[in-house]
Amino acid sequence: LNDFHLLTFPGGYENTVSFVPQTLWTLFQTQDVTVTGSCGEGDLNNATTTLLVVNSDQQREVSITLEIPNFVNDALKMIGVGDATDLRVNTHFAQFAECCRGESVNASTKGSAGIALHVDAGPFTIMGIPMPPKFKRYVTLDALAVTVSGNASGSFHGGYAGCLDVTHWHGSGQLSAKIDAGGEVSARFPEDVVMLSSSLKGSTGVSEEISVKSSELVFSGKWDGLIVVGDVEMVVFGNTIMSWKIIHQIMEDKAIKEIKVNLPSLK
């Protein structure tokens, strides 16, 4: 009961100070309750004030939509995966009544949003690894097996202070995916010819950074080039007569120009 200010002169009380009611509660969102403080018999020894009781349990869920570009999926389309990522934003916002220092009751909003990224791609096959003509007539398979895995981390928190008429946002996040490629070069087997190859391998990463600046979500992204490298040898009667290093670029480096998206109003 900090709303009471009791002054005595001289200091101290001759009688015990009591308050009625001692417990404040309401089934409504807000309700005015009169509280009386007594320190003796008779109304002259009473002090009364009206308190605004706010029921914090009476809240209303608010639906907030956040648009997040999926740069990770754009990169995966370059290697023929298509719409391989499932990007979801789960929001939990609630509106409640806020008491403005006894002057008024305004609606306020508070909550957060979490990012979830699921990648389901692979293993799938990319055909057509360039081979030198002198090897090509022996090759029966020149394909790569590619797998993709991804994750997301980050959350955004927002609030609207009804008494101050101010909205605050903060938070950050990252979406990322890893691409691994690998394969073997198989060959026909004439009586005296065997073609061998070390594994063709390559990997790269795709990432998207998300941050809050003022009332905007800011997105930037990049993906590194994907190059597979391997050695092919032709062995005749146990002797290597030809060898070739394969360097095949599947995806080029690319940076994403910064994009800004306005955050929704919480008012």
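**Salt bridges and core**

Author: The side chains of Asp165 and Lys267 form a salt bridge, with 3.4 Å from N to O. Please keep in mind that this is a predicted model.

Reader: Where do Asp165 and Lys267 sit in the chain?

Author: Asp165 is in the loop between β9 and β10, and Lys267 is in the segment after β17 (254-262), so the pair ties together parts that are 102 residues apart in sequence.

Reader: Are those two residues buried or exposed?

Author: Asp165 is partly exposed, because its relative accessibility is 46%. Lys267, at 63%, counts as exposed.

Reader: How many salt bridges are there by this rule?

Author: The count comes to 3 salt bridges. One of them joins Arg88 to Asp86, where the closest N and O atoms are 2.9 Å apart. Another pairs Lys178 with Asp180, with 4.0 Å between the closest N and O atoms.

Reader: And how accessible are Arg88 and Asp86?

Author: Arg88 has 51% relative accessibility and therefore counts as exposed. Asp86 has a relative accessible area of 31%, so this residue is partly exposed.

Reader: What about Lys178 and Asp180?

Author: Lys178 counts as partly exposed at 45% relative accessibility. Asp180 also falls in the partly exposed class, at 29%.

Reader: Let us move to the whole chain. What is the secondary structure content?

Author: The chain has 2 helices and 17 strands. Of its 267 residues, 35% count as buried. The accessible surface comes to about 16,000 Å², and carbon and sulfur atoms hold 49% of that area.

Reader: What share of the contacts joins residues 24 or more positions apart?

Author: Such pairs account for 62% of the contacts in the chain with a separation of 6 or more.

Reader: Which residues touch the most other members of the largest nonpolar core?

Author: They are Leu76, Ile179, Ile210 and Leu217, in a core of 39 residues. At least two core residues come from each of α1, β6 (105-119), β9 (144-161), β10 (166-183), β13, β14 (216-223), β15 and β16 (239-251). The largest share, 5 residues, is supplied by β10.

Reader: Which residues does Leu217 touch?

Author: Setting aside residues up to four places away in sequence, Leu217 touches Leu66, Glu67, Phe156, Ile210, Ser211, Val212, Ile259, Lys260, Val261 and Leu263.

Reader: Now Glu208, please. Is Glu208 buried or exposed?

Author: Glu208 counts as buried because its relative accessibility is 0%, under the 20% cut-off. Its place is in strand β13 (residues 200-213).

Reader: What does the side chain of Glu208 reach?

Author: The side chain of Glu208 reaches the backbone nitrogen of Phe71 at 3.0 Å. Beyond residues up to four places away in sequence, Glu208 touches several others, including Ile68, Pro69, Asn70, Gly173, Gln174, Phe219 and Gly221.

Reader: Asn70 is in that list. With which side chains does Thr85 make polar contacts?

Author: The side chain of Thr85 makes one with the side chain of Asn70, at 2.6 Å. A polar contact at 3.0 Å links the side chains of Thr85 and Asn73. Thr85 lies in strand β5 (residues 85-99), and at 13% relative accessibility Thr85 counts as buried. Its contacts outside four places in sequence also include Val72, Leu76 and His118.

Reader: Switching to Ile64: where does Ile64 lie?

Author: Ile64 lies in the loop between β4 (60-62) and α1 (71-77). With a relative accessible area of 8%, Ile64 is buried.

Reader: Which residues is Ile64 in contact with, leaving aside its neighbours within four places in sequence?

Author: They are Thr91, Phe93, Pro264, Ser265 and Leu266. The C-alpha atoms of Ile64 and Leu266 are separated by 8.2 Å, although the two residues are 202 residues apart along the chain.

Reader: Last topic, the surface. Which residues form a nonpolar patch?

Author: Ile227, Val229 and Ile247 form one, with about 250 Å² of accessible area together. Val229 belongs to strand β15 (residues 226-236) and is partly exposed, with a relative accessible area of 35%.

Definitions and conventions. Residues numbered from 1 in each chain as written. Predicted model: local features only at pLDDT ≥ 70, side-chain atom pairs only at ≥ 80, totals over all residues. Heavy atoms only, no water. Helix = DSSP H or I, 4+ residues; strand = E, 2+ residues; numbered from the N terminus. Buried < 20%, exposed > 50% of the residue type's maximum accessible area, 1.4 Å probe, protein only. Contact = heavy atoms within 4.5 Å. Areas by Shrake-Rupley, 256 points an atom, 1.4 Å probe, with all protein chains shown as cover. Patch = residues over 30% accessible without salt bridge, like charges linked within 9 Å, V, L, I, M, F, W, Y side chains within 5 Å. Polar contact = N/O pair within 3.5 Å; in protein donor to acceptor, adjacent residues only side chain to side chain. Core = buried A, V, L, I, M, F, W, Y, C linked by side-chain atoms within 4.5 Å.
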